[in-house]
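This briefing concerns the pockets of a predicted model and the setting of one of its helices. Please consult the sequence and the structure shown below.

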Amino acid sequence: MALDNGGVITLILDTQDVPPVHEDNALGTSPFLLTSDHYGRAIPRSLGDLGLPPDELTRHIAWDIGIAGVADALSKHLGAHLIAQRYSRLVIDCNRPPGVPSSIPRISEATIIPGNEALTREAAQIRREAIFDPYHRRIAEVIEARLRNSMPTVLVSLHSFTPVYAGIIRPWHIGTLYHRDTRLPPLLLKWLRAEPDLVVGDNEPYAVSDETDYTIPVHGEARGLMNTGIEIRQDLIAEDNGQRAWGVLLARLLPQAYQDLTAAEAPLR
Ligand SMILES: [Zn+2]
């Protein structure tokens with residue numbers, strides 16, 4: 001968290017900055033372990049506003065609009081442990097492998113991020129150690145402890161997406177995202193599609209990959225955990241009532257998908 005910069009020690013987080021990791025229901029016994037990489041949009045005080053006007057810092061480029069309320073509601077209704085990141089993806093994206101260009105974006109959609117231009121390797125490393133590492137270390141610790149205690153564990157990574165991207169309208173209300181786990185996502189898709197009036201994306205608007213994701217490949221696939229990403233269109237969860245309603249819906253459907261799995265297979269990890 002500190003850099004000896006020609007004799008000047010630079011701390012990225014000071015005592016007035018919030019801790020990077022937010023947790024809820026840490027003692028929850030649900031098989032679902034919820035993560036939210038883009039839950040918050042905090043910026044360390046030492047980085048100011050990254051050179052951006054306030055309206056850019058509340059857009060999707062800064063965080064996943066609405067997902068915090070959904071994650072909180074889902075955690076509550078499932079009794080599931082939630083681990084979430086409070087800092088903006090514009091500071092460092094916790095769902096990107098560190099070092100790739102989109103990890104600390106110099107440009108996001110069409111917006112140049114002045115505070116991320118000409119960043120030294122050391123400055124990038126400081127952000128990683130202060131924000132990215134504690135979050136992923138905590139997820140790894142929690143998974144380790146659950147496996148040690150033989151707790152069934154299904155990783156659910158929560159996100160939201162914009163209704164329009166690059167001029168293209170996205171019709172889906174919700175999508176499941178996956179790559180190597182082909183067990184849970186089809187069952188969740190089945191239950192989502194059984195809901196009236198829901199437009200459901202199968203690996204839409206994104207699919208998971210090792211290059212464009214971190215949480216599912218590292219904590220889910222590499223650990224052999226069942227997993228799925230969930231993307232909800234942000235205009236549906238911009239307000240409290242939408243967030244609560246989606247939390248309630250997913251708290252009903254995820255256990256149904258899990259029940260299908262446990263009925264069909266030998267005991268899972
Ligand atoms: Zn996201």
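The lining of the largest pocket comprises nine nonpolar, twelve polar and eight charged residues (Ala, Val, Leu, Ile, Met, Phe, Trp, Tyr, Cys and Pro count as nonpolar, Asp, Glu, Lys and Arg as charged, and the others, Gly among them, as polar). This is a predicted model, in which local features need pLDDT of at least 70, side-chain atom pairs count only at pLDDT 80 or more, and totals for chains, interfaces and linings use all residues. Residues are numbered from 1 along each chain as its sequence is written, and side-chain values use heavy atoms, without hydrogens and water.

**Largest pocket**
- The volume of the largest pocket is about 590 Å³.
- Of its 29 lining residues, His60, Arg89, Asp93, Arg96 and Tyr206 are the closest to the centre.
- Strand E6 (107–108), E8, helix H4 (215–221) and E13 each give two or more residues to this lining.
- E8 provides the largest share, three residues.

**Second largest pocket**
- The second largest pocket has a volume of about 280 Å³.
- Among its 16 lining residues, Gly99, Ser103, Ile104, Leu119 and Ala124 lie nearest the centre.
- Its lining divides into eight nonpolar, five polar and three charged residues.

**Helix H3**
- In helix H3 (residues 184–193), Leu184, Pro185, Leu188, Leu189 and Leu192 are buried (under 20% relative accessible area, 1.4 Å probe, protein chains only).
- Viewed down the axis of H3, these buried residues fall within an arc of 130°, so they line one face of the helix.
- Their cover includes strands E8 (154–161), E11 (174–177), E12 (200–202) and E13 (226–233), together with helix H5 (240–264) (contact means heavy atoms within 4.5 Å).

Conventions: Buried < 20%, exposed > 50% of the residue type's maximum accessible area, 1.4 Å probe, protein only. Helix = DSSP H or I, 4+ residues; strand = E, 2+ residues; numbered from the N terminus. Arc of directions from axis to C-beta. 1 Å grid on protein atoms, 1.4 Å probe; cavity = no way out; pocket = protein on both sides within 12 Å on 5 of 7 lines; lining within 4 Å. Points joined across faces, edges and corners; volume = space filled by probe spheres on them.
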